[in-house]
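Hi there,

Here is the structure I promised to pass on to you. Have a look at it first, and then read my notes below.

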Amino acid sequence: MEAEGWVPAPLLPPPASGGGGGGGTRAAAAAAVPAGAREPLLAAAADVLALDDEEDDLEVFSKDASLAEVNSFSPSMPISPSSMINQYKFEDEPELRDLFITVDDPESHITAIETFITYRVVTKTSRSEFDSSEYEVRRRYQDFLWLKSKLEEAHPTLIIPPLPEKFIMKGMVERFSDEFIETRRKALHKFLNRIADHPTLTFHEDFKVFLTAQAWELSSHKKQGPGLLSRVGQTVRAVASSVRGGVKNRPEVFTEMNDYMETFSQKINVLDKIAHRIYKEQREYFNEMKEYGPIHTLWSASEEDIADSLKGVASCIDKCCKATERRMAGLSESLLPVLHEYVLYTDILMGVLKRRDQIQGELDSKVDALANKKTEKDLFSEEIGKLEDKVECANNALKADWDRWKQNMQSDMRATFTHVAENNLRYYEECLATWQSFLASQAVDLHVEEDSEDRT
C-alpha cells in the first residue's frame with residue numbers, strides 16, 4: 001500500500017469501551033483515516049463550519065430584501081438506529097415547490113466533427129407562465145454553459161450555481177466513461193435544481209426557454225442574443241475597470257465578504273484534496289482485501305485441522321470487503337461531489353465580488369470626472385444618479401444572495417459530514433459484528449473440543 005499510516009481496521013477491529021460499543025466504534029472510525037490525513041481533514045472541516053463564529057459582523061444583511069426588486073436594474077439521509085449522532089437533527093423549513101426538474105438518460109452522439117453527450121431534461125410544473133405542465137427536451141453541455149452565461153449577464157451580482165468543469169484531469173477518469181457521464185449528470189441535475197430553487201433566477205426567461213424549447217428553437221433563441229462585438233466591448237470595459245485599480249469607496253461589508261471567501265477557499269480546497277486522497281487509499285485497501293480473502297480459502301484445502309477456521313476468516317474478510325465497497329460508494333456519492341461543488345463556488349463568489357467592484361469603480365470614476373469638470377455638470381450628475389442606483393441595487397442583491405448562499409452551504413456541510421459519520425459508524429458496526437460472531441463460533445468449537453478430550 002502507498003500510505004504507511006493506513007490501519008486495516010476491519011481485519012483488527014478495536015475493542016469497545018467499557019461504557020458500550022460507542023467508544024470503540026468511534027475509535028475504529030478514527031483509525032480508518034490515513035494517519036497523515038486525519039488531523040488536517042478534521043481541522044479543515046471544523047474550520048469551515050466555524051467560519052461564521054469568527055465573522056459575526058457579516059450577519060448584518062437584511063432578511064427581508066427582495067431579490068426580484070433589487071435586480072430590477074439588470075438586463076434524505078440514512079440513519080443508524082444505534083448511532084449517537086441521531087440526537088442531532090437538521091430540519092429544513094417546509095417549502096412549497098412548483099417546479100421539478102430531472103436530468104437523466106445520457107446519450108452519446110458521434111458525428112464526423114465531434115463526439116458529445118446529450119441529457120434528457122424533464123420538467124414538471126404548476127406555474128401559470130408555462131403553457132404545459134410537463135416538458136421533455138434534450139440538452140448538451142454547451143447548452144448548460146449558455147444558460148449560465150445568460151444568468152450571469154442578467155444578474156451580475158447574484159451567485160449563479162457552478163457547472164462541472166468542461167475538461168477533466170488526466171488520469172482521474174476517462175472522458176465519456178460511464179463514471180464520468182454519471183458524475184456530470186448528477187452535477188447538471190443539481191445545477192438546474194439550484195436555479196429552480198432560487199427566488200430570482202427561477203423566473204428568468206432564458207431559464208424557461210432552456211427547459212421548454214426544442215433543440216432548433218433553442219438554437220434560434222441563442223442567435224437573438226448580443227453579437228460578438230457587443231460581448232467583446234463589455235469584456236474590454238470590465239478589464240479597463242479592473243486595471244484602474246482598487247475601489248475607493250467599497251463598503252466594509254464587501255471587504256469582509258472578500259476576506260471570508262479567501263479563508264473559505266483555503267479550507268474547502270484542503271478538505272477536497274484530503275478527501276480524494278482518503279478515497280484513493282481506501283480503494284487501494286479494498287483491492288488488497290479482495291485478494292486477501294481467497295488466500296485463506298485456498299490455504300484451508302491443505303490444512304484439514306484448521307480448515308473451518310480458515311474458511312471462517314475468509315468469509316469475514318469477504319463481508320468486510322463488501323462493507324468497504326459500500327463505504328467507498330458513500331464517499332463518492334455524498335462527500336466528494338459536495339466538497340468539489342463548493343470549491344467551484346469559491347471562484348464564482350470571487351467573480352461576483354469583482355463584478356460588484358466594477359460597478360462601484362464605474363461610479364467612482366464618474367464622480368472623479370465630475371470633480372474635474374467645470375462644464376457638462378448636469379449631464380454628469382444625471383449619469384452619477386443612475387450609477388448610484390445601480391450600485392445600490394447591486395449591493396442589495398449581493399447581500400441578500402450572500403445570506404442565502406451561506407445558509408445553504410452550512411446546511412449542505414452539516415448534512416454531508418453527518419452522513420459521512422453515519423456511514424463510518426455503520427461500516428465499523430458491520431465489521432465489528434462480523435468478527436465478534438467469528439470469535440464466538442471459535443470459542444464454542446474450542447469448548448466442544450475440550451469436553452471431548454475430557455471424556456476420553
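Aspartate 143 forms a salt bridge with lysine 222, and their closest N and O atoms are 2.6 Å apart. A salt bridge here is a side-chain nitrogen of Lys or Arg within 4 Å of a carboxyl oxygen of Asp or Glu. Side chains of opposite charge can pair when their charged atoms come close. By this rule the count comes to 16 salt bridges. The pair links distant parts of the chain, 79 residues apart: aspartate 143 lies in helix H4 and lysine 222 in helix H7 (residues 215–222). Helices (H or I, at least four residues) are DSSP runs, numbered from the N terminus.

Before going on, please note that this is a predicted model: local features need pLDDT of at least 70, side-chain atom pairs count only at pLDDT 80 or more, and totals for chains, interfaces and linings use all residues. Residues are numbered from 1 along each chain as its sequence is written, and side-chain values use heavy atoms, with hydrogens and water left out.

The predictor's confidence in each residue is its pLDDT, from 0 to 100. The protein averages 78, and 68% of the residues score at least 70. Please take care with residues 1–37, where pLDDT stays under 50, and with residues 54–94, where pLDDT also stays under 50.

Back to H4 and H7. They pack at an angle of about 40°, with their axes 12 Å apart. Axes are lines fitted to C-alpha atoms, for helices over the stretch in contact, and angles run from 0 to 180 degrees between N-to-C directions. That makes H4 oblique to H7; angles under 35 degrees count as roughly parallel, over 145 as roughly antiparallel, 65 to 115 as roughly perpendicular and the rest as oblique. Gln142, Asp143 and Trp146 in H4 meet Leu218, His221 and Lys222 in H7, where a contact means heavy atoms within 4.5 Å.

H4 (residues 141–154) also packs with H5 (residues 178–197), at an angle of about 30° and with the axes 12 Å apart. H4 and H5 are therefore roughly parallel to each other. On the H4 side, Tyr141, Phe144, Leu147, Lys148 and Leu151 take part, and they meet Arg184, Leu188, Phe191, Leu192 and Ile195 in H5.

What angle do H9 and H10 pack at? Helix H9 (residues 252–300) and helix H10 (residues 307–372) pack at about 160°, with their axes 7 Å apart. These two are therefore roughly antiparallel to each other.

Best wishes, and enjoy exploring!
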